[in-house]
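Subject: Structure handover

Hi,

Here is the structure for your files.

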Amino acid sequence: MNSLIRYQVEDGLALITLARPPVNALGQTLRAAVLDACQRAASDASVRAIILHGDGKLFSAGADISEFGSAASFAAPSLPDLLSRLTQLDKPLIAALSGLALGGGLELALACGYRIGEPSLRLGLPEISLGLLPGAGGTQRLPRLIGVAPALDMMISGLPIDANRALELGLLDRLAASADTLVEAARAFALDLLGDLAPARPQTPFAEPAASVAEDFFQQYRQTHEPRWKNRLAPRLVLAAVEAACVLPLQAGLERELALFKQAEDSAQSAALRHLFFAEREAGRIPGIAEDIALRPVARVAVIGAGTMGGGIAMNFANAGIPVVVLEQKSEALERGLANVRRNYESSVSRGKLNAEQLEQRMQLLVGTLDYADIADADLVIEAVFEKLEIKQQVFRTLDEVCKPGAILASNTSSLDVDAIAAVTRRPQDVIGLHFFSPANVMRLLEVVRARETAPDVLATTLRLAKRIGKVAVVSGVCFGFIGNRMLEPYNREAHRLVLEGATPARVDGVLTDLGLNMGALTMTDLAGIDVNFLVRDSNRSAFADDASYYRVGDALYSLGRYGQKTGRGFYLYEGRQRRDDDEVVALAERLASELQVERRLIGDAEIHDRCLFMLINEGIQLLDEGIALRAGDIDLVWTNGYGFPAWVGGPLHYAEQLGLDKVLDGIHRYRDSLGTYGQRWFQPAPLLERLVAAGKTRIEKI
Ligand code: 3H9
């Protein structure tokens, strides 16, 4: 028997163990082995029932994602075909589920007549986050088993449910007492079924799934949810497949599901999301650092500063069960900070995301102090004080004095020179940048800034820790703004300049949100604060002193005290969160344009798109060439997790590959030549982009 499967017969029960580490992905070889083993059990007269379970900690994470987009994805036996064949066996098939049963893994369990789980099991259909839909019967079999509404909920949210909920819904028939006793319990279950002369497959409770929902269910569902789907394809395909389950007999429904699945698999959106899936796993690997490098233990964390950022950062650790000391200078600030953290947790309780007991557990892990002596034994200290180099350096001098040897000293700076911060300590090898994004307890992105002397084990430890607190960590070298904010600069610059040249803020933002961005560049500036934007710009003004038009609209709004949403006026007017266009901004742009002798004209959507996006892409390619970013995928992760770039477009560099690198380069040349001195100044292609196009490359890599 194939080594991907273990097969054993005892007491008339065949036990088939899936053993393809790390996650029992159902690639062609494992599919063939499962089929082989099941057929062997079916044709062995001594076998009366078959138990399928996963080796190690989990049942299966589903289809093998690396096969998608290639011939291997449906190589015989295809997953839908394999599962259909399992449903035809005339012996009871019992799935004994441990750890995770996801995607095709859960569909495999649905093809079995019976399912037993263990308490820590999570079951889910996460295909949607890969731009797919369940394609091996899930959209047809799950509604028939648990009803349309909960089935659709699992598929559209992509989120797993726990074992108790699965039992409640009828997705599990039984629960074992523990993971260790699961196989034993599955055997007992099988013997009970045989004793009861149970059929190989019982009738499903919702044989007519349409009867489980109101007649206008799908119409209502679309009305409520479709606006949030923007231009995403997958949720629409999921819905179409589940609708098919309500109107077609099983076999025809399965055929419809397969056609929809292939449409999704072939889509650019799914290719983009799969790219991000693998980029996320790759981001944790750092060339030159061994995967098994000894890590520093991190059991206690300290955060310096109890402001919005410090409090949010501290919550990440408390959420992961790691004790954290928060240090402030004054007791009022400390109390205010801790009260804000409590309020944040209370709002999670009121939304049902947390219970009162968990709130108290987390608050107990958070201890406030005014005394640096209390952080002396912290394994990791994260400084989150005001963004000014001198202030941060002062904090690091103190940390150098008080912290134990080997403690990791991190700065949550968003743009400052981490080398200059490390230089004030006698242990620069222990210093690193950890750039959290606001709100720090919510945003998934963490830029890990590797300074010149950061030790490899410090980098590796912070990357592992980031995973523990649920962040997507991306390594950046030291430069002004690191990966994300440095790319934001030319992107925002174009948005501002387009307003000067004649586009309205709403049109600029509209083009960007049409692409799927959460919000346009100018709305984002209003939200972040025109004052904050101004101050960051001001600290680096010498870098662009030669361009008098540089961010002039933004600077003028700043001097008018129009700081954005918080003052009710910025690029837009605000009433609460409601945004309105403001003629005064257009008048201001007209006045500045005439002062600067910038010609105002009608600007088309394509120009808005190309100027903002091509400059964003160009800067990303430049960062790769400079070695600030390690890979194109890392840059895509930064923008999709930290800046609202649509994941189904794959990030700016994946998008550039889809558009065609030659087209991006042509566009940059076009604006360089058509926008006068401004074009000559800013539309300079990154040398790496030129080299890639000259070499006929279609993928972005360092050459
Ligand atoms: C599907 O099932 C379609 C069907 O409906 C229809 C088909 C016709 N395939 O994340 P980790 C690798 S779509 C291939 O670091 P964790 C992963 O790349 C699928 N590889 O660990 C990594 O490899 P490496 C629906 C996979 O503990 C290693 O396993 N299923 C797959 O943090 C460890 O992964 C999903 O969408 C896979 N399916 O998280 C589940 N899964 O070491 C996707 C993992 O070389 N997977 N790998 O970098 C996950 O969500 C997480 O990986 C999981 C483990 C929660 C399982």
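This is a predicted model: local features need pLDDT of at least 70, side-chain atom pairs count only at pLDDT 80 or more; totals for chains, interfaces and linings use all residues.

Residues are numbered from 1 along each chain as its sequence is written, and side-chain values use heavy atoms, with hydrogens and water left out.

Salt bridges

The count comes to 53 salt bridges (a side-chain nitrogen of Lys or Arg within 4 Å of a carboxyl oxygen of Asp or Glu).

Arg507 pairs with Asp605, with the closest N and O atoms 3.0 Å apart. Arg507 is in helix H19 (residues 505-515) and Asp605 in helix H24 (residues 605-626), so the bridge ties together parts 98 residues apart in sequence. Helices here are DSSP runs of H or I with at least four residues, strands are runs of E with at least two, and both are numbered from the N terminus. Arg507 is partly exposed at 32% relative accessibility. Asp605 is partly exposed too, at 37%. For these terms, buried means under 20% relative accessible area, exposed over 50%, and partly exposed in between (1.4 Å probe, protein chains only).

Asp546 meets Arg681 at 2.3 Å, N to O. Asp546 sits in the loop between helix H21 (530-538) and helix H22 (552-559), and Arg681 in helix H28 (residues 676-682), so this pair links parts 135 residues apart in sequence. Asp546 is exposed, at 54%. Arg681 is partly exposed, at 29%.

Glu595 and Arg552 form a salt bridge at 2.9 Å, N to O. Glu595 belongs to helix H23 (residues 583-596) and Arg552 to helix H22, so parts 43 residues apart in sequence are tied together.

There is also a network of salt bridges: it links Glu489, Arg493, Glu494, Arg497, Glu501, Arg601, Glu607 and Arg611.

Cavities

How many cavities of 30 Å³ or more does the whole structure hold? The search finds two. On a 1 Å grid over the protein atoms alone, a cavity is a set of points where a 1.4 Å probe fits but cannot get out; a pocket is an open set with protein on both sides within 12 Å along at least five of seven lines; lining residues have an atom within 4 Å of a point. Points are joined across faces, edges and corners, and a volume is the space filled by probe spheres set on them.

The largest cavity holds about 40 Å³. Its lining has nine nonpolar residues, one polar and no charged. Helix H17 (456-468) is among the contributing elements, and H17 gives the largest share, three residues.

The second largest cavity has a volume of about 40 Å³. Its lining includes Arg493, Arg497 and Arg552. H18 gives the most, with four residues.

Pocket and annotated span

The second largest pocket has about 660 Å³ of space. It is lined by 29 residues, with Asn316, Asn319, Asn441, Val442 and Met443 nearest its centre. H13 gives the most to this lining, seven residues.

An unreviewed UniProt entry annotates residues 324-362 as "coiled-coil region". The end C-alpha atoms of that span lie 10 Å apart, and the span is 69% helix and 10% strand.

Best wishes

Methods. UniProt positions are given in the numbering used here, feature names are shortened, and annotations may be inferred rather than shown by experiment. Ala, Val, Leu, Ile, Met, Phe, Trp, Tyr, Cys and Pro count as nonpolar, Asp, Glu, Lys and Arg as charged, and the others, Gly among them, as polar.
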